[in-house]
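Take a look at the model below. Then follow the paragraphs with the structure open beside you.

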2 protein chains.
Amino acid sequence: MSLFSEYKIKCTPQRERILNVLKAQTHPVTAGELYAHIDNVSLATLYRTLELFCEKGIAKKHTIPDDSEKYYEFSAEGHRHFAVCLICRKMIKIDGCPLKDVVPEDFLVTDHRLEFYGYCRDCRQKLADMNRSAADEALTADKS
Amino acid sequence: MSLFSEYKIKCTPQRERILNVLKAQTHPVTAGELYAHIDNVSLATLYRTLELFCEKGIAKKHTIPDDSEKYYEFSAEGHRHFAVCLICRKMIKIDGCPLKDVVPEDFLVTDHRLEFYGYCRDCRQKLADMNRSAADEALTADKS
DNA sequence: TTGCCTGCAAATAATTTGCAGGTGA
DNA sequence: TCACCTGCAAATTATTTGCAGGCAA
């Protein structure tokens with residue numbers, strides 16, 4: 001079963017080409033870099049497809065400091081730790097975790113970043129409130 | 001001695017206002033948010049000043065996934081770890097490190113990111129080569 | 001004085017979107 | 001068939017830059 005049928009999305013020649021090139025990369029790449037390696041796919045389609053892949057979990061999107069471009073990688077594996085070269089922007093995968101003995105040999109670390117994503121209390125509260133009022137409305141609607 | 005003279009940059013009313021508002025923030029903010037809180041400073045000046053502050057180490061710039069805006073914070077303290085709410089984008093400072101018992105209470109973690117920045121071996125090598133040839137040129141120039 | 005600052009408006013650069021025609025399931 | 005895809009061109013968004021006048025040191 002192909003990735004496309006697995007994720008219940010339509011298979012087109014463009015998407016196949018994008019997926020193949022994405023899979024072939026050894027580290028995350030920009031949309032522009034992908035575009036240069038793929039023939040007969042418009043930039044608009046490329047962006048739309050990358051977005052779709054990210055939604056489905058087929059690809060992962062990264063941002064790095066001081067760089068307005070986004071980096072994409074095929075996300076079969078669960079990698080989410082990288083050593084990012086400040087010069088060539090290469091994102092080198094880091095195997096394993098946590099922290100110690102984890103940085104690739106021969107990589108000179110000058111800085112690092114550690115961020116957690118999730119939901120703060122305020123937003124969880126707001127979400128809960130919204131759900132409650134939605135439920136109320138549904139009930140009210142039922143009665144009428 | 002003011003921050004401006006300390007960093008050897010000119011003090012102007014615009015820069016003072018930007019610095020004050022930046023200092024007053026409890027978490028990193030976008031240029032747009034700052035702009036909304038500062039009168040009589042053009043967006044161009046704001047961006048130029050933020051860039052200058054970052055170069056001098058007075059401010060720090062952050063990027064977060066799925067967000068094309070940059071976030072700025074006054075960088076007196078050495079904070080560089082955050083919990084980022086996926087809804088309101090608030091960046092909550094994390095005190096201390098490493099990893100354990102480090103996430104703010106009441107923050108529901110769904111994902112995290114750990115990246116190291118620095119220089120890969122290839123780029124260090126290229127840099128060394130460039131420096132060497134620059135030195136060679138200097139020597140050659142000396143002789144002529 | 002004078003080189004650095006500033007505002008304005010126009011330019012970039014990456015990414016997104018509207019639309020009309022095409023195509024996979 | 002028909003909902004979903006695609007390419008094209010135009011729109012958006014955040015950010016940057018050229019330029020002419022202004023101001024801190």
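Are Phe4(B) and Phe53(B) buried or exposed? Both are buried. Here buried means under 20% relative accessible area, exposed means over 50%, and partly exposed is in between, with a 1.4 Å probe and protein chains only.

First, the ground rules. This is a predicted model, in which local features need pLDDT of at least 70 and side-chain atom pairs count only at pLDDT 80 or more, while totals for chains, interfaces and linings use all residues. Residues are numbered from 1 along each chain as its sequence is written, chains are lettered from A and ligands numbered from 1 in the order in which they are written, and side-chain values use heavy atoms, leaving out hydrogens and water.

Now the aromatic rings. Over all chains, a search of the whole structure finds two aromatic pairs. Rings of Phe, Tyr and Trp (its six-membered ring) pair if their centres lie within 6.5 Å; planes under 30 degrees apart count as stacked, over 60 as edge-to-face and the rest as tilted. Phe4(A) and Phe53(A) make a tilted pair, 6.4 Å centre to centre with 45 degrees between the planes. Phe4(A) sits in helix α1 (residues 3-6) of chain A and Phe53(A) in helix α4 of chain A, so this pair ties together parts 49 residues apart in sequence. Helices (H or I, at least four residues) and strands (E, at least two) are DSSP runs, numbered from the N terminus. Phe4(A) is buried at 5% relative accessibility. Phe53(A) is buried at 0%. In chain B, Phe4(B) and Phe53(B) form a tilted pair at 6.5 Å centre to centre, with 45 degrees between the planes. That pair links helix α1 (residues 3-6) of chain B with helix α4 of chain B, 49 residues apart.

Next, the strands of chain B. Strand β2 (residues 59-63) has four of its five residues buried, so it is largely enclosed by the rest of the structure. Five bridges join β2(B) to strand β3 (residues 70-74) of chain B, and the two run antiparallel. Two strands pair if DSSP finds at least two bridges between them. Lys60(B) has Glu73(B) in β3(B) as its bridge partner. β2(B) and β3(B) form a hairpin with six residues between them, and Asp66(B) in the turn has a positive phi of about 60 degrees.

Turn to the DNA. Around DNA strand C there are 19 residues; Tyr47(A), Thr12(B), Arg15(B), Ser42(B) and Thr45(B) come nearest. A residue is near a strand if one of its heavy atoms lies within 4 Å of it. Of the atoms of DNA strand C within 4 Å of the protein, sugar and phosphate account for 74%. A side-chain N or O atom of Tyr47(A) is 2.2 Å from a phosphate oxygen of DNA strand C. A polar backbone atom of Asn40(B) is 3.1 Å from a phosphate oxygen of DNA strand C.

Sugar or phosphate supplies 76% of the atoms of DNA strand D within 4 Å of the protein, and bases the rest. A polar side-chain atom of Tyr47(B) lies 2.3 Å from a phosphate oxygen of DNA strand D.

How values were computed: Polar contact = N/O pair within 3.5 Å; in protein donor to acceptor, adjacent residues only side chain to side chain.
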